[in-house]
Amino acid sequence: MIRKICVAILLCVAAASSPVTAQQPAPKPHAAIVILGDGTPLLSADRSGTSIGVVVRGTLYVFDAGPGVLRRILETRERLRLGIQRLGPVFVTHLHSDHTLGLPELLYYPGAPSLQLFGPPGIQSMLKRLQEAWAEDRQIRSASGMPSDQGLAATVNAATAQEIAAGIVYADSNITVTAFAVPHGTWPHAFGYRIVAPDRVIVISGDTSPSDAVVQACNGCDVLLHAVYDGENSLSGGDLTYFARFHTNTQELGGLAARARPGLLILYHQLFMGKLPADLVRQVAATFRGAVMSARDLDVY
Ligand SMILES: [Zn+2]
Ligand SMILES: [Zn+2]
């Protein structure tokens, strides 16, 4: 129901192009969240690699770029009518493959004059090696006279990567993005992001074990997107130890969300472990009384 309401609001905003009278306040620009990929390392036809889009005034900001992200962006642009006109910066939470395998796709995003990457230490080296991987492709395309307005080679050449630390990492007239460090097993650098948009505060946890950093970043935020795994799993031994170190289960997330107090909690990067989306929602809702939804690819909030 909430998903339908959210979509209805978006459509209303999109349709509000008629003149505004002096008595009517101008509609606020709506920061739409689109799930570009709910997947984990375990992908399916319905769940593409981890990626979340935030659309503000025609710019699509991308948070993580899992495998298949470009196809989901094109589906969003062509079918969801969010008014996407340009690709903005791409923010990477950490360098696990399920969050970065889509980066080479974005290097070739059609129509993007440059790609601006933000991510943890190591992102510059990753970009450099990705560019090297397609060096021969660029050389052959440019040497064979490919028209510049179709310039895939120019796109990949223009990419830049900035290695970040906790704090404000990006700001423009649409959004301010603050990175906060999260504990993700043995990764030396993993981040979540807090996005302040014109009418919403959105927090993305990234992959993390239960962390007060998420609670503090949200602190009554409008939307918290949090990675999660089934808390009623049958894991044992080393498997259980691994997940406890790297991720947050449903019971842990319920308690965390009760303290973070988001207006809407969206479960993403969901490790179902044989359960259904409704099972994960039920488990979280046992301790968090607010609104909870299980993300699906191409959902809009
Ligand atoms: Zn992951
Ligand atoms: Zn990870």
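In the protein chain of this predicted model, 66% of the contacts with a separation of 6 or more are between residues 24 or more positions apart; a contact means heavy atoms within 4.5 Å. Of the 301 residues, 51% count as buried, that is, under 20% relative accessible area with a 1.4 Å probe, protein chains only. The chain exposes about 13,500 Å², and carbon and sulfur atoms supply 55% of that area; the areas come from the Shrake-Rupley method with a 1.4 Å probe.

Some conventions apply throughout. Residues are numbered from 1 along each chain as its sequence is written, while chains are lettered from A and ligands numbered from 1 in the order in which they are written. In this predicted model local features need pLDDT of at least 70, side-chain atom pairs count only at pLDDT 80 or more, and totals for chains, interfaces and linings use all residues, with side-chain values using heavy atoms and leaving out hydrogens and water.

The chain has 11 helices and 13 strands. These are DSSP runs numbered from the N terminus, with at least four residues (H or I) for a helix and at least two (E) for a strand. An open sheet of 7 strands has the order β7-β8-β9-β10-β11-β12-β13, with mixed pairing; two strands pair if DSSP finds at least two bridges between them. β7 (167–171) and β13 (291–294) stand at the edges with a single partner strand each, so one side of each has no neighbour in the sheet. From one strand to the next, the twist averages 25°. β9 and β10 (residues 201–204) run antiparallel and are joined by 4 bridges; Val196 has Val201 in β10 as its bridge partner. Helix α11 (residues 277–285) packs on the sheet, where it touches β11 (223–229), β12 (264–271) and β13, and its direction makes about 130° with that of β12. Axes are lines fitted to C-alpha atoms, for helices over the stretch in contact, and angles run from 0 to 180 degrees between N-to-C directions.

Donors are N, O and S atoms within 2.8 Å of the metal (3.2 Å for Na, K and Ca); water is not among the atoms, so sites may look incomplete. His96 lies in the loop between β4 (86–91) and α3 (97–100), and His184 in the loop between β8 (176–181) and β9 (191–196), so the pair ties together parts 88 residues apart in sequence. His184 is buried, with a relative accessible area of 1%. Asp207 also bridges this zinc ion and the zinc ion (ligand 1), which lie 3.4 Å apart.

How values were computed. Buried means under 20% relative accessible area, exposed over 50%, partly exposed in between (1.4 Å probe, protein chains only).
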